Amino acid sequence: MATSGNKNINAKLVLLGDVGAGKSSLVLRFVKGQFVEFQESTIGAAFFSQTLAVNDATVKFEIWDTAGQERYHSLAPMYYRGAAAAIIVYDMTNLASFERAKKWVQELQAQGNPNMVMALAGNKADLLDARKVTAEEAQTYAQEHGLFFMETSAKTATNVNDIFYEIAKRLPRVQPAPNPSGMVLMDRPAERTAAASCCS
Amino acid sequence: MYGTLSKRDLALELQSQIPILRPSIHSRRANLTVKFQDLYGFTVEGNVDDVNVLNEVREKVREQGRVWWALEASKGANWYLQPEISNGIALKSSLKISALANAITLKRLIRKGIPPVLRPKVWFSLSGAAKKKSTVPESYYNDLIKAVEGKVTAATRQIDHDLPRTFPGHPWLDTPEGHAALRRVLVGYSFRDSDVGYCQGLNYVAALLLLVMKTEEDAFWMLAVLLENVLVNDCYTTNLSGCHVEQRVFKDLLTKNCPGIAAHLEALEFDVSLVATEWFLCLFSKSLPSETTLRVWDILFYEGAKVLFHVALAIFKMKEDELLLTHHVGDVINVLQRTTHELFDPDDLLTVAFDKIGSMTTTTLSKQRKKQEPAVMAELDQRLRRLNSLKMEDK
C-alpha cells in the first residue's frame with residue numbers, strides 16, 4: 001500500500017450533464033477503456049472506481065455517474081454531496097445540453113463543496129461537422145466560472161484520461177503543500193484514507 | 001450463507017440429468033467465466049456454479065408447472081380468478097370457505113413462482129389489468145396508438161433516444177421489431193398519463209413486460225395497472241416525489257430490520273438510496289437476473305408494492321456479515337452489486353425476504369408514507385426555491 005513519500009487519496013467525483021451527453025461513455029472509456037455505441041441508460045446513478053498515480057500521490061476516484069433526465073435532477077444532491085470533484089458534461093453538437101451544463105455549474109457552486117475541482121467537458125468532439133458549441137465560447141464560460149475546460153471524445157478516447165488526470169492534479173491534497181505541515185492531514189478525507197489503509 | 005452447500009450437491013446431481021448448458025470439464029477446471037442465455041434471452045455471465053444453479057432453477061420451474069397444472073385439473077382452469085381473492089376486505093364479508101382456501105393456496109403458490117407459460121394469464125387477471133381493460137372500448141389501445149402516431153413530444157424524443165439503450169444486445173428487444181413494440185407501448189402510455197409522460201426506467205420495466213406478456217397490448221395494460229394501482233403514486237412524475245418517499249420509508253425499515261448494517265453504513269456516510277433508487281424505479285430489472293426479477297414481480301402483482309421493501313431489505317440482510325466488514329462506499333456497492341447479479345436462484349432471495357424480514361402490511365406502509373410526505377415535499381420545494389433564487393441573482 002502506501003510507501004513513504006506517497007499519499008493515498010480517495011476522491012469522490014460526480015458526473016453531471018444532460019441526457020445523452022455521454023457521461024456514462026466517458027466513465028466507461030476511463031475505467032475500462034471501452035466504447036459502445038448504445039450505452040444502457042443510467043437510472044439513478046452508477047458507481048465506478050479507478051485509481052490514478054499523479055505526482056507523489058495515488059488518487060482513487062469514486063465516480064458517480066448520474067442519470068441525465070430532468071426529473072432525476074431532484075436526486076442529484078445525494079450524489080454531489082461531499083464530492084471533491086465534478087465533471088460537467090455537455091454534447092458539443094447540442095446547444096441545449098451546453099445550457100443545461102451551465103445550470104449544473106450554478107447549482108454546484110451554490111450547493112457543493114466550495115473547494116470542489118470542476119471540469120467542463122465538451123463531449124463528442126469526434127463529430128466535428130455537427131458542432132454547435134464553439135470551443136472558444138465554452139473556454140470563455142469555463143474561465144469566467146473557475147472551471148477548466150476540455151473537449152473530449154469517449155468514442156476516440158481523446159482527452160478522456162487527460163481530464164481525469166488534470167482533476168487529480170488539481171485536488172488540494174495532491175498539489176505540493178506550500179508550507180508542509182501536519183495540518184494538511186487533519187481534514188476529513190485524509191483521515192478516511194488513513195483509516196482505510198490500516199484496515200483493508 | 002443460506003444452503004449453499006446443499007444447493008451445490010443438488011446441482012451436481014441434476015447436472016447428470018440435464019445436458020443443456022453443461023459447461024465442459026475444461027472450463028470447470030479453469031473456473032472460467034461462461035456466457036449463456038437465460039430463460040428470457042438475456043446474456044448472463046457467470047461461473048460454473050451459476051450455470052448449475054440456473055439448471056436447478058429450470059427444474060424447479062418445471063416442478064412448479066406440474067403443481068399448477070394439477071390444480072387446474074382439479075379445481076378448473078380459472079380457479080384463481082374469483083374476484084374476492086385479491087381483495088382481503090371483500091373476502092371477510094363473503095366468507096366463502098373455498099374462496100378463502102383458494103386465496104391461501106394461491107398466495108403460497110405465487111410466492112413459489114408462477115410458471116412462465118402461465119404468467120401472462122395469471123398476471124393479467126390478478127393484477128387488475130384485465131379489469132382496467134374491460135372498462136374501456138375494445139379498440140382503446142389500437143385507437144390510442146393510431147391517434148399518437150407521428151406526434152413528437154419531449155417524451156417521444158426521450159423514448160426514441162432510449163430504445164437502443166434498453167437491454168442492448170437482447171435477441172428480440174434489440175431488433176427493429178422489438179424497438180417498435182417498446183416504442184408503441186411507451187409512447188402510448190406517455191399520452192395516456194401526461195403527468196408521468198415518460199420517465200427513464202420505465203423502458204426497462206416495459207421491455208420486461210413485453211417479454212413476459214408476449215402481446216404489446218397486454219404489456220401496455222400491465223404498465224398501466226402497475227403505475228396507476230400497484231405502485232405508490234408519483235413514483236415517476238416530474239420530481240420523482242413518490243420515489244423519494246419510498247426511499248425514506250426504506251431507510252426507516254432498514255434501521256428497524258437491520259440496525260447493525262444501518263448504523264455501519266451511516267458511519268461510512270453511505271446513503272442506501274445510492275443503490276436502492278434504481279432497484280425501486282426499475283423494479284429490480286436492471287439488477288437481478290431475469291427469472292429472479294420476475295419472481296419478485298409475481299408477488300408484486302398479487303400482494304402489492306410491499307414486496308419491493310421485503311426484497312431490498314433481504315439483499316442487505318443476506319450480506320450482513322460482509323457489509324459489516326466494509327470500509328468504503330465503493331466496497332459496499334461492490335458487495336451489493338455482486339450479490340444482486342449473482343442471485344440466480346430466486347428462492348435464496350425470497351426465503352430471506354419473507355422469513356427473515358418482519359412482515360409488513362400495506363396499511364402500515366401507507367401510514368409511513370404519509371408520515372414522510374411532508375418532509376419530502378419540503379426538501380424538493382427548498383431545492384427548487386434555491387435554484388430559482390440563483391437564476392434571479394444571475395440576472
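Is the crossing of α15(B) and α17(B) left-handed or right-handed? The crossing of these two helices of chain B is right-handed, and the details of their packing are set out below. The model is a predicted one, and in it 41 residues of chain B are in contact with 33 residues of chain A. Over all chains, the structure holds 31 salt bridges.

**The helix pair α15(B) and α17(B)**

- The axes of α15(B) and of α17(B), the latter covering residues 306-318, come within 11 Å and cross at roughly 145°.
- On the side of α15(B), the contact is made by B:Val275, B:Trp279 and B:Phe280, while α17(B) brings B:Leu308, B:Phe309, B:Ala312, B:Ile315 and B:Phe316 to the contact.
- Sorted by class, the residues of this contact between α15(B) and α17(B) are eight nonpolar, with no polar and no charged residues.

**The interface of chain B and chain A: area**

- About 3300 Å² of area is buried between chain B and chain A, and carbon and sulfur atoms give 56% of that area.
- Within chain B, the residues that lose the most area to chain A are B:Gln200, B:Leu274 and B:Arg383, which together make up 19% of what that side buries.

**The interface of chain B and chain A: polar and charged pairs**

- Between chain B and chain A, 17 residue pairs are counted in polar contact, both residues of each pair being at pLDDT 80 or more.
- Two salt bridges are found across the interface of chain B and chain A.
- A salt bridge joins the side chains of B:Arg383 and A:Glu107, with a distance of 2.7 Å from N to O, and B:Arg383 is also among the residues of chain B that lose the most area to chain A.

**The side of chain B that touches chain A**

- The elements of chain B that give two or more residues to this side are α9 (154-162), α11 (202-213), α15 (273-281), α19 (329-341) and α21 (362-394).
- Of the elements on this side, α21(B) gives the most, with six residues.
- By class, the residues on the side of chain B that touches chain A divide into 17 nonpolar, 14 polar and ten charged.

**A salt bridge within chain A**

- In chain A, A:Glu166 and A:Lys169 form a salt bridge in which the closest N and O atoms are 3.8 Å apart.
- Because A:Glu166 and A:Lys169 lie three residues apart in helix α5 of chain A (residues 160-170), they are separated by about one helical turn.
- In general, side chains of opposite charge can pair when their charged atoms come close.

Note on methods. Residues numbered from 1 in each chain as written. Chains lettered and ligands numbered in written order. Predicted model: local features only at pLDDT ≥ 70, side-chain atom pairs only at ≥ 80, totals over all residues. Heavy atoms only, no water. Contact = heavy atoms within 4.5 Å. Buried area = accessible area lost by both parts, 1.4 Å probe. Salt bridge = Lys/Arg side-chain N within 4 Å of Asp/Glu carboxyl O. Polar contact = N/O pair within 3.5 Å; in protein donor to acceptor, adjacent residues only side chain to side chain. Helix = DSSP H or I, 4+ residues; strand = E, 2+ residues; numbered from the N terminus. Nonpolar A, V, L, I, M, F, W, Y, C, P; charged D, E, K, R; others polar. Axes fitted to C-alpha atoms, helices over the stretch in contact; angles between N-to-C directions. Left-handed = near helix turned anticlockwise from the far one by under 90°.
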